[in-house]
Amino acid sequence: MGIELLNQTTYAKWAQDLPEEIFIELMRGSRRAHAIGVTCQDQPCGAACWEEQDTAWVLRSIYVLPAYRRQGLGRGLLAYIAKQMSGERRCLTVSYECEPGRDNLALMPFLKSCGFQMEVMEIPLGITDLETVQFALQERGAYKKMGAMRPLDELTTREKHIFNEWLIDKTGEHLSRYLVSDAGGCAVMRDGELCSAVLYSIYGTRVRLDYCWVNGEYKQLFLPLLAGAADELDRRFAGDPALPADQTGIKIEMILSTEQAIQVYTRLLDSDMEQTILCMGELGENDYV
């Protein structure tokens with residue numbers, strides 16, 4: 001068994017072992033995602049990808065070809081990441097979704113055996129596409145009211161500092177996580193105060209809305225806020241050869257963890273919801289077994 005850190009020249013060799021969206025993200029030069037590959041008799045047979053964030057490392061994927069399983073290769077991949085994490089004083093987290101009854105729930109016993117503390121939640125998941133979101137917002141006139149919305153890179157240094165302090169207080173995340181090519185967001189600032197914000201991450205052709213917040217005094221900004229994010233995504237995807245020209249191919253995902261989120265989603269998009277199982281876990285710096 002051999003394990004190596006992958007790069008732009010070697011990603012393609014392990015393409016079969018990486019989810020398509022992560023492979024696209026890596027090929028586009030993501031600065032926050034890293035991947036390793038494992039070989040058996042000099043043949044690629046598995047890979048893992050993780051992301052280094054300010055407060056934790058996130059395990060994005062881990063996969064071993066069926067013919068090579070139960071030979072310790074998966075443990076070898078995790079051991080490599082755990083060794084890299086040593087001394088960082090951060091934990092390795094994992095979060096993945098699956099439909100009820102699907103076999104990727106079997107990943108949980110493996111992660112537990114390696115020392116992860118795991119829990120499972122069943123929650124509604126809204127899945128739509130960028131074109132549908134744009135049409136719904138256009139019908140409600142949201143684009144006409146988005147004048148105050150600004151992408152993150154248009155905020156002043158002081159405004160970014162205010163936003164960063166607010167985000168750390170609310171979520172523990174740093175704004176720098178979203179000032180990269182595969183993430184982004186929009187915000188409204190008034191008199192040095194954050195009034196509303198939306199943050200998202202891009203995974204290949206999939207966009208995950210990570211955070212959407214509006215100050216109670218500015219509820220009227222909610223739809224224009226989404227319109228600002230949709231408009232920015234439209235510009236970012238335009239002309240990208242790695243992405244489909246048809247915006248229906250850009251998937252938008254929203255975890256609907258509150259009644260308010262469910263109401264907004266159903267009223268705005270009139271779309272069906274799916275039930276998803278969210279599996280979450282954490283591995284402390286010294287907890288790898």
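## A word to start with

A residue is called buried when its relative accessible area is under 20%. Keep that cut-off in mind as we look around this predicted model.

Cys114 has a relative accessible area of 0%, so this residue is buried. Cys49, at 0% relative accessibility, counts as buried too.

## The chain as a whole

The chain folds into seven helices and 12 strands. Its C-alpha trace spans about 60 × 35 × 35 Å along the principal axes. For 289 residues, a compact globule would have a radius of gyration near 19 Å, and the 20 Å of this chain agrees with that.

Of the 289 residues, 49% count as buried. Among contacts with a separation of 6 or more, 67% join residues 24 or more positions apart.

## Cysteines without partners

How many disulfides does a search of the whole structure find? The search finds zero. Cys49 is in no disulfide, and the nearest cysteine sulfur, in Cys91, lies 17 Å away. For Cys114, the closest cysteine sulfur belongs to Cys279; the two sulfurs are 15 Å apart, so they are too far from each other for a bond.

## A look at helix α2

Helix α2 covers residues 73-85, 13 residues in total. From first C-alpha to last, α2 reaches 19 Å, close to the expected 18 Å. Its buried residues include Leu73, Leu77, Leu78, Ile81 and Met85. In an α-helix, residues three or four places apart point the same way, because each turn takes 3.6 residues.

After α2 comes Gly87, with a positive phi near 85°.

Technical notes: Residues are numbered from 1 along each chain as its sequence is written. This is a predicted model: local features need pLDDT of at least 70, side-chain atom pairs count only at pLDDT 80 or more; totals for chains, interfaces and linings use all residues. Side-chain values use heavy atoms; hydrogens and water are left out. Helices (H or I, at least four residues) and strands (E, at least two) are DSSP runs, numbered from the N terminus. The expected span of a helix is 1.5 Å times one less than its number of residues. Buried means under 20% relative accessible area, exposed over 50%, partly exposed in between (1.4 Å probe, protein chains only). A disulfide is a pair of cysteine sulfur atoms within 2.5 Å. The radius of gyration is taken over C-alpha atoms; the globule rule is 2.2 Å times the number of residues to the power 0.38. Contact means heavy atoms within 4.5 Å.
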